[in-house]
Amino acid sequence: RMPGIDRCEQRKATRAKLVEAALSLFSTSGYEHATVDDISREAGYSKGAYYFHFSTKDDILLELLRMWTESRTAALGPDEGASRLTAEELRETLAGFFSYVESPRWPAVLLEFWSQAVRNTEVSKRLTASYALWRKRLTSAFAAAAADGLRVESAEESAAVVLAAHDGYAVQLAIGSPGGRAMTPQELVDSSVHPLETAAAAPARRAIAQ
């Protein structure tokens, strides 16, 4: 193998370890308390290695923000697919959007994103853009599911409710569920969508009863 390729892969691996270290520290110590020294030490590198890849501590926070927003966008599927979802496919999509089973440290870091958005305009801008994209894609998904038989009063309002449910669920996962067990993603979907399905079926049941 070419030495240049080896160096390139080694740099990618170093960067990935630094990002993983930041994810771990921000989820436990918080962004404000974790230092560049801490991140470097956690990753097993010198501070010089950190500054080879990132200019500031903000830079690695923005990298984590990019990774998180892209993962949530991917969970919603392709933009063109949202307008063709059936009611059942919508349920599956929402469960994937809510789920952090494979990446349990992200909810705590999400709290850090929100906190930093108050004072960091770049974080705020990127969060705002991502939530706008998700709202648009979810609105299309609910509209498509409504065409498939799901009763939806307002696709846009349903999308807003899903985003609020996601954020509330993420907080529960981050701090624990005071007074009880946190819901599973599927239970959260059921509590959001099942009442709509029940309401949609009610007129039919009344017609049969008559």
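**Contacts, rings and charges in an all-helix model**

Setting aside neighbours within four places in sequence, Ala182 touches Gln172, Leu173 and Ser177, contact being heavy atoms within 4.5 Å. The model is predicted, so local features need pLDDT of at least 70 and side-chain atom pairs pLDDT 80 or more, while totals for chains, interfaces and linings use all residues. Residues are numbered from 1 along each chain as its sequence is written, and side-chain values use heavy atoms, with hydrogens and water left out.

Ala182 sits in the loop between helix 9 and helix 10. With a relative accessibility of 22%, Ala182 comes out as partly exposed (buried is under 20% relative accessible area, exposed over 50%, partly exposed in between; 1.4 Å probe, protein chains only). Ala170 is 12 residues away from Ala182 in sequence, and their C-alpha atoms are 9.9 Å apart.

As for the overall layout, the protein has 10 helices and zero strands, where helices (H or I, at least four residues) and strands (E, at least two) are DSSP runs numbered from the N terminus. Of its 210 residues, 40% are buried. Taking contacts between residues at least 6 apart in sequence, 69% join residues at least 24 apart.

Now for the inside. The largest nonpolar core has 55 residues, and Phe26, Ile39, Ile60, Trp68, Leu94, Phe98 and Phe113 touch the most other members; such a core is a set of buried Ala, Val, Leu, Ile, Met, Phe, Trp, Tyr and Cys residues joined through side-chain atoms within 4.5 Å. At least two residues of this core come from each of helix 1 (3-28), helix 2 (36-43), helix 4, helix 6 (87-98), helix 7, helix 8, helix 9 (155-175) and helix 10 (185-209). As for Phe98, leaving out neighbours within four places in sequence, its contacts are Arg72, Val162, Ala165, His166, Tyr169, Pro185, Leu188 and Val189.

A search of the whole structure turns up nine aromatic pairs (rings of Phe, Tyr and Trp, the last by its six-membered ring, with centres within 6.5 Å; planes under 30 degrees apart are stacked, over 60 edge-to-face, the rest tilted). One of them is Trp68 with Phe113, a tilted pair with 5.9 Å between centres and 45° between planes. Since Trp68 belongs to helix 4 (residues 57-75) and Phe113 to helix 7 (residues 106-117), this pair ties together parts that are 45 residues apart in sequence. Trp68 is buried at 0% relative accessible area, and Phe113 is buried at 0% relative accessibility. Trp68 also pairs with Trp134: the ring centres are 5.4 Å apart and the planes sit at 90°, so this one is edge-to-face. That pair bridges distant parts of the chain, from Trp68 in helix 4 to Trp134 in helix 8 (residues 121-147), 66 residues apart. Ring pairs join Trp68, Phe97, Phe98, Trp106, Phe113, Tyr131 and Trp134 into a cluster.

The charged end of Lys57 is over the ring of Tyr31, 4.2 Å from its centre, which takes NZ of Lys or CZ of Arg within 6 Å of the ring centre and within 35 degrees of the ring normal. For Arg72, the charged end is over the ring of Tyr100, 4.2 Å from its centre.

Salt bridges (a side-chain nitrogen of Lys or Arg within 4 Å of a carboxyl oxygen of Asp or Glu) number 12 in the structure. Among them, Lys47 and Asp37 have their closest N and O atoms 3.6 Å apart. This bridge connects Lys47 in helix 3 (residues 47-53) to Asp37 in helix 2, 10 residues apart. Both ends are partly exposed, Lys47 at 38% and Asp37 at 34%.

Glu63 and Arg66 meet at 2.7 Å, N to O, and both lie in helix 4, three residues or about one turn apart. Glu63 is buried at 14% relative accessibility, whereas Arg66 is partly exposed at 33%. Glu122 and Lys125 meet at 3.3 Å, N to O; they are three residues apart in helix 8, so about one helical turn separates them. Glu122 is partly exposed at 24%, while Lys125 is exposed at 52%. Through shared partners, salt bridges link Arg15, Glu63, Arg66 and Glu70 into one network.
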